[in-house]
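Here are some friendly notes to read alongside the model. Take the points in order, and keep the 3D view open so that you can find each residue as it comes up.

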Amino acid sequence: MFIHKEGRKTLLITTIIAALLNGLIFYFFPENVFSFIVLFISIVVFALMINFFKKPSRVYEGDLLNYVNAPTDGKVVVIEKVFEKRFFNEERIQVSIFMSFFNAHANWMPVTGQVVHYSHEKGNFHAAYLPKSSHENERSNIVIETPDGHRVLTRQIAGAIARRIVTYVKEGESYHIGDRLGFIKLGSRMDVFLPLDSDILVQIGDEVRANETLLARLPQKSDEHEKTDS
């Protein structure tokens, strides 16, 4: 396990503050119960932050074409058919993953393909598990076109506390499934909008892990031809 670059400065500052605070408290109150309580709280908070900023060392072998990677660690809170009018103007299957403070918040590419659109939109900071956060909260939109021509929208969404979304991928560049996509600080969420004929491999309530859990299988050209012929 490695510490994500987005958290190194924060952890360094936290360590310095915690060391100074506990040093002063133990200097003036060396045998006081309060001193040990503060030390215990400091250790717990630091451990949670380490977990939050960890960078899982999980990678996929090959491109896994036609499959959709869980773009982050978290809990599946939405699987539903929606009309996505902003980028596709058609019905899509939306799969949403909520990241709690206990999840690593690194984000990864859900599919192999070229980024054909990137945009960042300012917005509100509703609780990330609420449905309206998908289209009202501050967010980044990344549309990826796969080698088979499928377009997948993945959306980084800020939560009630999260105030910073970082996106590494660039429009016009090609990436592999499981490549680094970005990072969201504190509680947040990611949405993935898939073609209607996708075979969803998870259920609401499932705990998923980026670069380990497959969310769905995209329709193959042979599948589409069979439906057209029938």
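1. Asp-199 has Arg-217 as its bridge partner in strand 16. Please bear in mind that what you see is a predicted model.

2. Now step back to the strands around that pair. Strand 14 and strand 16 (residues 214-217) run antiparallel, and two bridges join them. Strand 3 also runs antiparallel to strand 16, and here the number of bridges is three. One example to look up is Val-68, whose bridge partner in strand 16 is Ala-216.

3. Together these strands make an open sheet of three, in the order 3-16-14, with antiparallel pairing. Which strands lie at the edges of this sheet? They are strand 3 (67-69) and strand 14 (199-200), as each of them pairs on one side only.

4. For context, here is the chain as a whole. It contains four helices and 16 strands. Of its 230 residues, 46% are buried. If you take the contacts with a separation of 6 or more, 71% of them are between residues 24 or more positions apart.

5. Next, please find Ser-119, which belongs to strand 7 (residues 113-121). Is Ser-119 buried or exposed? Its relative accessible area is 13%, and residues under 20% count as buried, so Ser-119 is buried. The side chain of Ser-119 makes a polar contact of 2.9 Å with the side chain of His-117. Leaving aside residues up to four places away in sequence, Ser-119 touches Arg-86, Phe-87, Arg-139, Ser-140 and Asn-141.

6. Phe-26 has a relative accessibility of 25%, so it counts as partly exposed. Phe-36 also counts as partly exposed, because its relative accessibility is 48%.

7. Another aromatic pair is formed by Tyr-27 and Phe-28. Their arrangement is edge-to-face, with 5.1 Å from centre to centre and 90° between the planes. Both Tyr-27 and Phe-28 are exposed.

8. Finally, look at two places where an arginine meets a ring. Arg-92 lies over the face of Phe-88, at 3.8 Å from the ring centre. In the other place, the charged end of Arg-180 sits over the ring of Tyr-168, and the distance to the ring centre is 4.9 Å.

Terms used. Residues are numbered from 1 along each chain as its sequence is written. This is a predicted model: local features need pLDDT of at least 70, side-chain atom pairs count only at pLDDT 80 or more; totals for chains, interfaces and linings use all residues. Side-chain values use heavy atoms; hydrogens and water are left out. Two strands pair if DSSP finds at least two bridges between them. Buried means under 20% relative accessible area, exposed over 50%, partly exposed in between (1.4 Å probe, protein chains only). A polar contact is a pair of N or O atoms within 3.5 Å; within protein, one must be able to donate a hydrogen and the other to accept it, and residues adjacent in sequence count only if both atoms are side-chain atoms. Contact means heavy atoms within 4.5 Å. Rings of Phe, Tyr and Trp (its six-membered ring) pair if their centres lie within 6.5 Å; planes under 30 degrees apart count as stacked, over 60 as edge-to-face and the rest as tilted. A charge sits over a ring if NZ of Lys or CZ of Arg is within 6 Å of the ring centre and within 35 degrees of the ring normal.
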